[in-house]
Amino acid sequence: MIVQDRAARSSAPAMADENTPLVRDAWYVACFSPDLVAGEPLARKIAGERVMLYRRADGTPVALKDRCAHRSYPLSKGQIDGDDVICGYHGLRYGPDGICTVVPSQETPPRNLGVAAFAVVEEAPLIWVWAGDRERARREPLPSLPWMRATSGWDLVTGYLFLKSSYIHMHENLLDLTHIGFLHGKSFGSAAYASAPFETIVEASAIVVKRTVEPTMLPPLYAEPLGMVDVPASRAVTSTFHSPGLSISGVRLSRLSEPLERRRYHHAETAHLLTPIDANSMHYHFLMGRDFAVGDAATGEFLATSLRNVFLEDQAALEAITDVRSDDPDAAPDRSVASDKAGIAMRRLMLRLAAAEGAPT
Amino acid sequence: MIVQDRAARSSAPAMADENTPLVRDAWYVACFSPDLVAGEPLARKIAGERVMLYRRADGTPVALKDRCAHRSYPLSKGQIDGDDVICGYHGLRYGPDGICTVVPSQETPPRNLGVAAFAVVEEAPLIWVWAGDRERARREPLPSLPWMRATSGWDLVTGYLFLKSSYIHMHENLLDLTHIGFLHGKSFGSAAYASAPFETIVEASAIVVKRTVEPTMLPPLYAEPLGMVDVPASRAVTSTFHSPGLSISGVRLSRLSEPLERRRYHHAETAHLLTPIDANSMHYHFLMGRDFAVGDAATGEFLATSLRNVFLEDQAALEAITDVRSDDPDAAPDRSVASDKAGIAMRRLMLRLAAAEGAPT
Amino acid sequence: MIVQDRAARSSAPAMADENTPLVRDAWYVACFSPDLVAGEPLARKIAGERVMLYRRADGTPVALKDRCAHRSYPLSKGQIDGDDVICGYHGLRYGPDGICTVVPSQETPPRNLGVAAFAVVEEAPLIWVWAGDRERARREPLPSLPWMRATSGWDLVTGYLFLKSSYIHMHENLLDLTHIGFLHGKSFGSAAYASAPFETIVEASAIVVKRTVEPTMLPPLYAEPLGMVDVPASRAVTSTFHSPGLSISGVRLSRLSEPLERRRYHHAETAHLLTPIDANSMHYHFLMGRDFAVGDAATGEFLATSLRNVFLEDQAALEAITDVRSDDPDAAPDRSVASDKAGIAMRRLMLRLAAAEGAPT
């Protein structure tokens, strides 16, 4: 009989889980560009921080702490006026730097009255916020890749899910391809996935898993747009952990019947934009780019729907895990298998990143 | 950039907030007189205490702890019999003093078996309960004012809201007139309100703010019953914190075109009857008296509806603040501005009252 | 005036309540036999443990911890294959002993990878699980009685309720017959119940209360099937606490007009199968056997409905008590009366059983 070892839990955890403090010093996607409409404040909780976003008169985004310094009313319930936001409770006016410039009931506002302003960058179709130390944000480049940009020439589709899951477990899910044959057995994967050979590359900050499944039949999501239904194919997959806010799944698809010297390769890249809300919930923005069927709206719609359906399976699994783990936080720690190498590396890295920040001050 | 100072929070708070123990030694409105029907027990949580109320045979109210001493069943689910209440679980009978007089399964009840009885006074249309030390209640007069009584000759309208808010923040809201031009900008106020001169009077126990807005246009709530739509008017407002359970807003309205020597003044007084339930929720009974349109039922209905609509705006704001504050109890303390003088005085007084009581024993 | 003594609470409790750790070393009913369908895993939380049940190929039940050892996915969301369960996330296969035999992404599973297997026994129509130490289960006989078995020859009706109540308070409710005249005054009891003489027998593990109410009128639940409406009757009741998972109410009914030497006696036994979920919730399976109207389906339906209606009254009372107690866990302890003798004996026994187990390890 297996006797589970609760005592093991009492020692320091070897890798991050939902109990690890959220990494705040990171770029996280707050919303898609069209979500932030001129004149309309938007509230988003990011890594434990209540943030409100709005657009300046020139359209550039602003991100402020969503709590008036005076009596804690959410600024996101206020009004945008030019470059400023006016609190809806007592009319205090804040500029994009978070400094209060007007208190209507007196001639000049008290000194140093203001709210935190967060670093925020728009690179359409994404708006990124740095939830932590603003100085560090200056030194840290955006984790975006060329194809993710609206100007890339690739065709992009997007989607959003609210997940009651730690971003840690979602990151691990994304680096793990062995679940595709089971959790996504009917939608996206095949049993061949679990046993295909794979390579794990752990770099200073990025963690990469590569796997080629060949020969294989492509799932409808790829086979239909490419006209490769029931055709022996090669499916080369690269999963990359880029940063706490970004994981990318890339796939290179080809027809095995085409000779290697003139084989055509089709690419799709999916950015998984993970934004922790708190220990057990997250925003999940996703963005898929492709270099095939570009400009074909029907394919775009089909992919957006298919992708969402696959991710709903991840959501159900991750939320079930949240329930189980929340129910018994003192349970024995996760046991790992060989294919968890990338996930473990990511979870160790996340633990180090969280530890380096220390507790929020 | 503004850096908020979480450390500041670690020192003792200078004024009460939702984390301050509830003041129990105070008169709080439990319900309106018609809410307590003969023969029907009523459950109300007041300042953390589960209370059950009922009427004796002669109609006078009784307030007992709503928890049978035997097996914790709520007495409010029992039956009223004469002056007594009979527990619905095992039939224990309690008198108005809370002493158990009958245990059906034995000849005489155990000694000293009983539940706490609270001081309770009806002064129609209000029933007041003292949630704390019963001895102190004897020395403390009811906070009611002549016009609040059913016998006043004024016309009264009433209403009730359940608010997910600390009573502290509601009290401060009521003493603060600068929010009227913003939160109630479309329903009740004007921007002129925020900048009108005001006077703050801090007495031993009462705290008063006076403000005259003149000239002004009255909001429909007053203008319509008085036939003063679009007429230059004077609006003299007095906000008074009377006690933890009572704040009063009085207004004196007049037509500026009438010469001072024969000017008619119209008065409305609104009693805000705040009864804390727990840290972040409260009963909000309100009662408006007026000396104009007396006996005119249509005006009464119009005022009750209008008033409720204004208070729903307060409710939305205060509940948003509860959410924000609950989410980050270690946030930097509130920053105050000049017009908060009365609110701060009230919050300091509430802190002293709570401290004087000590922890519940 | 009664002043309740909160300080009394600080000393060690003399008897179990909802704060006492759940007794895990006990047989608890997990479900009725028909609830566990071949090929379909069933999730049940028992005494704080997430358990999943399924049937082997030969139909015998298996009970495993409902949490994959790898990444905490509930095994109850997996697939049954022969005698095994396959995790729905990454395809790990577990046998009925909880040992993992297949990890699809590698040739052999890691050593000692597995989940806890619980002792489980089916004695139709009941499936029992031992939530604690499996070794102890071997020495402990099932608490079932002959008439409870599908093979007893008696006619059985069953029912289920989810109760937001501690099983302790439900056990006490079942041993206490004085509440029947009040809580069930209109459905099942009469005031005579509270004052009828009773006998309490406290044995090493069982606790028995006996009471004969005579003469009495039977409630419709008994009177209608027996054709004894408005007929003077004898109702002899025995309530027995058998174990943390089982309490039994037996009744012997007879017509007083029949002379003693040839009086016919009719029996009904009700097994109250209490399965704690956590401190304040429980599964409540019930099973009533009778030796009258055997084979009469209409009587069976009538009894099942009537019984459920009586137990819904217990549910409402117990859930109200849960609310009251949860709201003020530091309140004065329960005060007892003479008729609580059996309940107190049971609560002391439960405290000893919980203490003997110590904290979960």
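Let's begin with one pairing: L246(B) has L273(B) as its bridge partner in β16(B). Before going on, please keep in mind that this is a predicted model.

So where does that pairing sit? Strand β15 of chain B covers residues 246-255, and eight bridges tie it to β16(B), with the two running antiparallel. Now look to the other side. Strand β17 of chain B, residues 281-290, also pairs with β16(B) in the antiparallel sense, this time over 10 bridges. If you want one pair to click on there, take H272(B), whose bridge partner in β17(B) is F286(B).

Is β16(B) mostly covered or mostly open? Covered: of the 13 residues in this strand, 266-278, 11 are buried.

Okay, let's zoom out to where chain A meets chain B. Each chain brings 33 residues to the contact: 33 from chain A and 33 from chain B. Together they bury about 2,900 Å², and 54% of that lies on carbon and sulfur atoms.

Between chain A and chain B the count is five salt bridges. As for polar contacts across this interface, there are 17 residue pairs, with both residues at pLDDT 80 or more. And the side of chain A that touches chain B? Its residues split into 12 nonpolar, 11 polar and 10 charged.

Next, some backbone details. In chain A, the peptide bond joining E214(A) and P215(A) is cis, with omega at about 0°. P215(A) belongs to strand β13 of chain A, residues 207-216. Chain B has a cis bond from E214(B) to P215(B), with omega near -5°, and P215(B) lies in strand β13 of chain B, residues 207-216.

Then there's phi. S72(B) isn't a glycine, yet has a positive phi of about 70°. You'll find S72(B) in the loop between β4 (61-65) and β5 (79-81) of chain B. Buried or exposed? S72(B) is buried, with a relative accessible area of 1%. Over in chain C, A47(C) is another residue other than glycine with a positive phi, near 50°. A47(C) sits in the loop between β2 (42-46) and β3 (49-55) of chain C. At a relative accessible area of 4%, A47(C) is under the 20% cut-off and therefore buried.

Last stop: S339(A), in the loop between α5 (297-327) and α6 (341-357) of chain A. The relative accessibility of S339(A) is 8%, so this serine counts as buried too. What does S339(A) touch, leaving aside neighbours within four places in sequence? The contacts are T178(A), F198(A) and S105(C). With S105(C) there is also a polar contact: the two serine side chains are joined at 3.3 Å.

Note on methods. Residues are numbered from 1 along each chain as its sequence is written. Chains are lettered from A and ligands numbered from 1 in the order in which they are written. Side-chain values use heavy atoms; hydrogens and water are left out. Buried means under 20% relative accessible area, exposed over 50%, partly exposed in between (1.4 Å probe, protein chains only). Helices (H or I, at least four residues) and strands (E, at least two) are DSSP runs, numbered from the N terminus. Two strands pair if DSSP finds at least two bridges between them. Contact means heavy atoms within 4.5 Å. Buried area is the accessible area (1.4 Å probe) that two parts lose on being put together, summed over both. A salt bridge is a side-chain nitrogen of Lys or Arg within 4 Å of a carboxyl oxygen of Asp or Glu. A polar contact is a pair of N or O atoms within 3.5 Å; within protein, one must be able to donate a hydrogen and the other to accept it, and residues adjacent in sequence count only if both atoms are side-chain atoms. Ala, Val, Leu, Ile, Met, Phe, Trp, Tyr, Cys and Pro count as nonpolar, Asp, Glu, Lys and Arg as charged, and the others, Gly among them, as polar.
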